[in-house]
Amino acid sequence: MSDLVRNTIRFVLFILVQYYVLFQIRPLHQFVVPYVYFLYVLWLPFSMGRMSLLLVSFVFGLTLDYFTQTPGLHAAACTLIAYVRGFVVNILIPQEGAEQNYKSPSPVSMGWAPYAVYVLVLTLVHHIYLVFLEWLQFGSFLFFLGKVLATTGISLMLILITELLFFRKEKFRTNTA
Amino acid sequence: MRNIFLFIRRYFNFVFFVVLQIAALYILFHYNKFHEAVFSGVANELTGNIGGKYTNVTYYFHLKKTNDDLAKENEELRNKLLANFERPDTTQKIVQDTIPYDTLGHYRKYLYRSARVVNNSVSLPNNTFTINRGENEGIHKNMGVISPTGVAGVVINTSNNYAVVMSLLHRQTKISASLKKTGETGKVLWDGTSPLYVTLKDIPKSAQVVKGDSVVTSPYASHFPPGLLIGTVMDIVDDKTSSFYTLRLKPATNFFNVQFVMVVENLLKDEQAKLEEETNKINQ
């Protein structure tokens, strides 16, 4: 399966799962919103240019916004993590050239610990920005803090489950092949 | 000049990022302020279609409950039929060749249109649902929407075949309500904390409220006929610094499984609004 086809299918699946499964769950508490859709941005291939990465993330966020009737909210957060992603990957990549040898960020290509940090940082950035935009319209500081922490917690759990359920095989690629 | 171009080329990624951010934030704040969707005309058609297919599945599981609700509502409506008409003074009569008249000379004030919910949210900070009727079927902005069990929300956006309704669980909801027993009027809001409760404010402490009292739409609510159930009092917050109660209500509509709704059109609303506006102009 080519990268384009695979990522298009992921695009549709992430949106549908986020809206028709996760958003339909009865809320446990006002702080807890199960977000997992932005994993799509984290899984995009290394080889994508910065600009196309930003553009795809923007369109992805905007698509979710079509469903939730909050135009721009998720799009803004997605573009931010797409921008930050490049820097985080550069810092965390374990050895020189790993981004040429593997297709996309995953526990296999980056190692478990760096990958965990990568997910944690981007999840936090995403939620801080998203909740901050909500907080501009209402809520107190405690609401902001509580929601960021609780939502990050539940997101990390969901991402862990997703990674375990849908284990992505990453082939080691060399120049010779 | 050359340096500017060099600068832009060098930081092109960052500039592009900023442009996308500004675009996103612009749509976000523009939309929330005016309730105008920059893009939802097309978007409603698309997401409404997908939502329709999704509800077709869940619809099946709620059939029994929905039928019960409908039967109950029919019974209630049959008893209420006369209440939808306003009877003018019969000694004077203006001859008018339009349909809002019926043969007895009663004005129709409220017109009901049924609709099916095709998309629904309860867990977001501002909750809306989408119904499968739009401009083509006579739905316009600011019409009231009721469910078989009580008030559901107000239409905020329409496309040709779909309309988006902000439910009671929306931060900009404000509905004039009164206590059924004693008639004191206040307004119903949602504070965004729990989708199980809405808040009723501005009820003076002179009112005698007990838990379980019914709260209905007031005669001043322009979107809804008076006397429709909004919810029942669950909790009374006695704020010592204020001379008003803050009441927590359990909404009569179950927003978790709402399937069928009615859109209420107040046919005389424009006339009333126009008269009030003209009067305000004279008073100024």
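Keep in mind that the model is predicted.

Let's take chain A to begin with. Chain A has 177 residues, and 54% of them count as buried. What does its secondary structure come to? Eight helices and zero strands. Read along the sequence, the pattern is α-α-α-α-α-α-α-α. Now look at contacts in chain A between residues with a separation of 6 or more. Of these, 71% involve residues 24 or more positions apart.

Now chain B. Chain B has 284 residues, and buried residues make up 42% of them. Its secondary structure holds five helices and 14 strands. Take the contacts in chain B between residues at least 6 apart in sequence. Here 59% join residues at least 24 apart.

Next, where the chains meet. How many residues are in contact? The area buried between the two chains is about 3,400 Å². Carbon and sulfur atoms give 69% of that area. Salt bridges between chain B and chain A come to zero. Polar contacts do turn up there, with six residue pairs counted at pLDDT 80 or more for both partners.

Let's zoom in on single residues. Start with A:His126. You will find A:His126 in helix α7, residues 112-137 of chain A. Is A:His126 buried or exposed? It is buried, because its relative accessible area is 0% and the cut-off for buried is under 20%. Leave out residues up to four places away in sequence. Then A:His126 touches A:Tyr37, A:Phe38, A:Ala77, A:Cys78 and A:Ile81. With A:Tyr37 there is also a polar contact, side chain to side chain, at 2.7 Å.

B:Asn127 sits in the loop between β3 and β4 (128-131) of chain B. B:Asn127 is buried, with a relative accessible area of 0%. A polar atom of the B:Asn127 side chain lies 3.4 Å from the backbone nitrogen of B:Ser123. Again, skip residues up to four places away in sequence. The residues that B:Asn127 touches then include B:Val165, B:Met166, B:His170 and B:Trp190.

On to aromatic rings. Over all chains, the structure holds 29 aromatic pairs. Take A:Tyr20 and A:Phe67. Their ring centres are 6.1 Å apart. Their planes stand at 85 degrees, so the pair is edge-to-face. Where do the two residues sit? A:Tyr20 is in helix α1 (residues 3-22) of chain A, and A:Phe67 is in helix α3 (residues 50-68) of chain A. The pair links distant parts of the chain, 47 residues apart. A:Tyr20 counts as buried, at 9% relative accessibility. A:Phe67 counts as buried at 6%.

Last topic: salt bridges. Side chains of opposite charge can pair when their charged atoms come close. Over all chains, the count is eight salt bridges.

One joins A:Glu134 and A:Lys147, with the closest N and O atoms 2.8 Å apart. A:Glu134 lies in helix α7 and A:Lys147 in helix α8 (residues 141-165) of chain A, so the pair ties together parts 13 residues apart in sequence. Both A:Glu134 and A:Lys147 are buried.

Another one brings together A:Arg168 and A:Glu163, at 3.3 Å from N to O. Both A:Arg168 and A:Glu163 are buried.

For chain B, look at B:Lys187 and B:Asp202. Their side chains meet in a salt bridge at 2.9 Å, N to O. B:Lys187 lies in strand β9 (residues 185-189) and B:Asp202 in strand β10 (residues 198-204) of chain B, so this pair ties together parts 15 residues apart in sequence. Are the two residues buried or partly exposed? B:Lys187 is partly exposed, with a relative accessible area of 26%. B:Asp202 counts as partly exposed too, at 33%.

Note on methods
Residues are numbered from 1 along each chain as its sequence is written. Chains are lettered from A and ligands numbered from 1 in the order in which they are written. This is a predicted model: local features need pLDDT of at least 70, side-chain atom pairs count only at pLDDT 80 or more; totals for chains, interfaces and linings use all residues. Side-chain values use heavy atoms; hydrogens and water are left out. Buried area is the accessible area (1.4 Å probe) that two parts lose on being put together, summed over both. A salt bridge is a side-chain nitrogen of Lys or Arg within 4 Å of a carboxyl oxygen of Asp or Glu. A polar contact is a pair of N or O atoms within 3.5 Å; within protein, one must be able to donate a hydrogen and the other to accept it, and residues adjacent in sequence count only if both atoms are side-chain atoms. Rings of Phe, Tyr and Trp (its six-membered ring) pair if their centres lie within 6.5 Å; planes under 30 degrees apart count as stacked, over 60 as edge-to-face and the rest as tilted. Helices (H or I, at least four residues) and strands (E, at least two) are DSSP runs, numbered from the N terminus. Buried means under 20% relative accessible area, exposed over 50%, partly exposed in between (1.4 Å probe, protein chains only). Contact means heavy atoms within 4.5 Å.
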